[in-house]
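Welcome! Here is a short tour of one protein, with stops at its open spaces, a helix and some strands. Please keep the model in view as you read.

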Amino acid sequence: MQPQIQSKLPDVGTTIFTVMSVLAAENKAINLGQGMPDYPMNQELIALVNEAMKTGHNQYVHMNGYMPLRETIAEKVEFLYQTKINPDTQITVTPGGTYALYTALTTILQPGDEVIVFEPAYDSYIPSTEVNGAKAVPIELTFPEYKINWPLVKNAINERTRAIMINSPHNPTGSVLSKDDMEQLKVLTKNTRIVIVSDEVYEHLVFDGKEHESVLKYPDLLERSFVSFSFGKVYHCTGWKLGYSISSEAFMKEFRKIHQYNAFCCDTPKQVAVASFLKQRDNYLQLGSFFQKKKDFFKDLMSGTKFQPLPSYGSYFQIYSYKNISEESEKDMAIRLTKERGVATIPVSAFYTAGTNNQVLRFCFAKKESTLEAAAEKLINL
Ligand SMILES: Cc1ncc(COP(=O)(O)O)c(C=O)c1O
């Protein structure tokens, strides 16, 4: 008889992301659901990876990351946020941003701990908390601005609170944290055992004159934080799954104990390639205007439809309200749009534990202009 497994994640089933992707494929729909570019990445970076492979960079690399890459990351952090980070002790290269978040949570959590998570939330946060025997405490962002309600956070904090997860720019809503938010976070966590797990994979994708408020700018926060980044979002190559975590020396020492027996190290030729490519600052400095153009282009197209955009200042995503079109639930609407109109989106209710329904859908605009044009065309006359 086959032994039984007691599920560590009994509530996890097929996610709406899988459902929508399957449905999109079945209906040959334009997929604005999945958060990934449909245009080619930089050819020079591909050539650098090829060169690294041809010149023999094909074996295990240092478990903390290829040192020249860590040094370039530290230079970038100092340039962008005026903070000195020790590449030897404070940076670990990881297989993607999600892994960096998971490892941070596994490093700090003990059974019974609580983690404050803001909803709508990126789908890995709660399972990565629960698999470690801890409890997620969801707090809903205000609608429709998707801001943190700090008095609610204050009320939720107790002696079991071990972490607060933040994500700016935010998936799925595109909201960004302000200086005032960072101040509130500082005040609420001062003299507590709370660790901040900050997901900053969209750090460069900030629009409309806003600035990214990285935890790395705030020494008082950084000393109690793990901050996660992803090269997949910077270089239009989400399939690379290459990122990094930055933390204090003491925290990073523990993080590396977990990482050592999990991935151990990441793809060597890509690290070698990015180590030199990252020195070309323009590539990441122009990302904000690159995506702003896409967002504005899509918004112009969508102004010909009854969908209404909600405020969005960053990330790959724009949320649209369909309350002028239908009273259906978000899930029903997303399914119907895919089947009848051939455009796949993601219902924002999927990012809430309680399935909160505000009649809004998430559209990914990190797509070719022709893709965005074709999608908007299909949504006119709804
Ligand atoms: C908020 C957020 N965090 C992390 C990730 C994943 O990053 P990576 O692919 O590097 O694991 C994504 C990707 O969609 C994301 O939206």
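## Pockets

On a 1 Å grid over the protein atoms alone, a pocket is an open set of points with protein on both sides within 12 Å along at least five of seven lines, while a cavity is a set where a 1.4 Å probe fits but cannot get out; lining residues have an atom within 4 Å of a point. The model is predicted: local features need pLDDT of at least 70 and side-chain atom pairs count only at pLDDT 80 or more, while totals for chains, interfaces and linings use all residues. Residues are numbered from 1 along each chain as its sequence is written, and side-chain values use heavy atoms, with hydrogens and water left out.

The largest pocket is lined by 26 residues, and nearest its centre lie Val12, Thr15, Asp123, Pro127 and Ala350. Two or more lining residues come from each of α1 (16-26), α5 (125-130) and β4 (135-140); helices (H or I, at least four residues) and strands (E, at least two) are DSSP runs, numbered from the N terminus. The most, three residues, come from α5. By class the lining has 13 nonpolar, seven polar and six charged residues (Ala, Val, Leu, Ile, Met, Phe, Trp, Tyr, Cys and Pro count as nonpolar, Asp, Glu, Lys and Arg as charged, and the others, Gly among them, as polar).

The second largest pocket has a volume of about 570 Å³, where a volume is the space filled by probe spheres set on grid points joined across faces, edges and corners. Of its 27 lining residues, Gly35, Tyr122, Asn171, Tyr202 and Lys233 are the closest to the centre. This lining divides into eight nonpolar, 14 polar and five charged residues.

How many cavities of 30 Å³ or more does the structure hold? There is one, and the volume of the largest cavity is about 150 Å³. Among its 15 lining residues, Leu141, Ile148, Asn167, His170 and Leu177 are the closest to the centre. Strand β5 (residues 161-167) gives the largest share of the lining, three residues.

## A covered helix

Is helix α11 (residues 268-277) mostly covered or mostly open? Nine of its 10 residues are buried, so the helix is mostly covered (buried means under 20% relative accessible area, exposed over 50%, partly exposed in between, with a 1.4 Å probe and protein chains only). The cover over these buried residues includes α2 (43-54), α3 (67-81), β2 (91-94), α9 and α12 (282-285). At the start of α11, a side-chain oxygen of aspartate 267 comes within 3.1 Å of the backbone nitrogen of lysine 270.

## Paired strands

β2, part of that cover, has Ile91 and Val93 pointing one way and Thr92 and Thr94 the other way, and all are buried. β2 pairs with strand β8 (residues 243-247) in the antiparallel sense over four bridges; two strands pair if DSSP finds at least two bridges between them. Isoleucine 91 has isoleucine 246 as its bridge partner in β8. Serine 245 is also found in β8, and serine 245 is buried, with a relative accessible area of 0%. Its contacts (heavy atoms within 4.5 Å), not counting residues up to four places away in sequence, include Gln90, Ala100 and Phe255.

Two bridges join β12 to strand β13 (residues 360-364), with isoleucine 346 opposite arginine 362.

How values were computed. A polar contact is a pair of N or O atoms within 3.5 Å; within protein, one must be able to donate a hydrogen and the other to accept it, and residues adjacent in sequence count only if both atoms are side-chain atoms.
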